Amino acid sequence: MAKQVVDGVTMQRALTRITYEIIEQNKDLDQLVIIGIKTRGIYLAQRIAARLKQLEGLDVPVGELDIRLYRDDVHKADHRMQPDVTGSNIPESINDKHVILVDDVIFTGRTVRAALDALMDLGRPKKISLAVLVDRGHRELPIRPDFVGKNIPTSHHEEINVSVKEIDGQDGISIGRLEE
């Protein structure tokens, strides 16, 4: 049974805090491109971009990144083939831009590693930063987010579920036990 640990209002505050941190740490906001990792990262990226528009009057391009073919836990039939990134939708060139990669939860770091590989196939950003709504710890790779909404320590026997109203009908973060 999952227990809600963050409600919709608190989740929105965390996204607003991330947005303010992005503003504070970036002088050239017009060089930003925000890219959400499918699926929930896309909606979080759109919300951050909307908040940037409210606060700074700036339209930041928002893209979608599909990393399924870059996962190291998926067997590829032919490693020599160029990966297909057609599930991604990037609105403009990321060359020489500051890309802010957005995901809902960071755990082992493997999703982010796959996203970095996918981005490199799409172009050569000047800089890549990582924004996550939840950092639950337990990294297996040396990857650390630049912007974190909430740190929620977990055990390996727990899982974090992020709900977004666009898909799930409501916003929130819950924690539950993995079934063994």
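This short talk walks through a pocket, a helix and several salt bridges in one predicted model.

Before I start, residues are numbered from 1 along each chain as its sequence is written, and side-chain values use heavy atoms, with hydrogens and water left out. Since we are looking at a predicted model, local features need pLDDT of at least 70 and side-chain atom pairs count only at pLDDT 80 or more, whereas totals for chains, interfaces and linings use all residues.

Let me begin with the largest pocket, which holds about 330 Å³ of space. A pocket here is an open set of points on a 1 Å grid over the protein atoms alone, where a 1.4 Å probe fits, with protein on both sides within 12 Å along at least five of seven lines, and lining residues have an atom within 4 Å of a point; the volume is the space filled by probe spheres set on the points, which are joined across faces, edges and corners. There are 19 lining residues, and the closest to the centre of this pocket are Arg71, Asp103, Asp104, Val105 and Thr111. The elements that each give two or more residues to the lining are helix H2 (40-56), strand E4 (98-106), helix H3 (110-122) and strand E7 (158-163), where helices (H or I, at least four residues) and strands (E, at least two) are DSSP runs numbered from the N terminus. E4 gives the most, with 4 residues. By type, the lining divides into 7 nonpolar, 6 polar and 6 charged residues, with Ala, Val, Leu, Ile, Met, Phe, Trp, Tyr, Cys and Pro counted as nonpolar, Asp, Glu, Lys and Arg as charged, and the others, Gly among them, as polar.

At 1.5 Å a residue, the 17 residues of H2 should span 24 Å, and the C-alpha atoms at the ends are 24 Å apart, which agrees; the expected span is 1.5 Å times one less than the number of residues. Which residues of H2 are buried? They are Gly41, Ile42, Leu44, Ala45, Arg47, Ile48, Ala49 and Leu52, taking buried as under 20% relative accessible area, exposed as over 50%, and partly exposed as in between, with a 1.4 Å probe and protein chains only. The cover over these buried residues includes helix H1 (8-25), strand E5 (127-135) and helix H4 (165-168), counting contact as heavy atoms within 4.5 Å. Just after H2, Gly57 takes a positive phi of about 65 degrees.

That brings me to the charged pairs. Side chains of opposite charge can pair when their charged atoms come close. The structure holds 10 salt bridges, each being a side-chain nitrogen of Lys or Arg within 4 Å of a carboxyl oxygen of Asp or Glu. What is the N to O distance between Glu166 and Arg47? Their side chains meet at 2.7 Å, and because Glu166 lies in helix H4 and Arg47 in helix H2, the pair ties together parts that are 119 residues apart in sequence. Arg47 is buried, with a relative accessible area of 12%, while Glu166 is partly exposed at 37%. Arg47, Glu166 and Asp171 are linked in a network of salt bridges.

Asp168 and Arg40 also meet in a salt bridge, at 2.9 Å from N to O, and this pair links Asp168 in helix H4 with Arg40 in helix H2, 128 residues apart.
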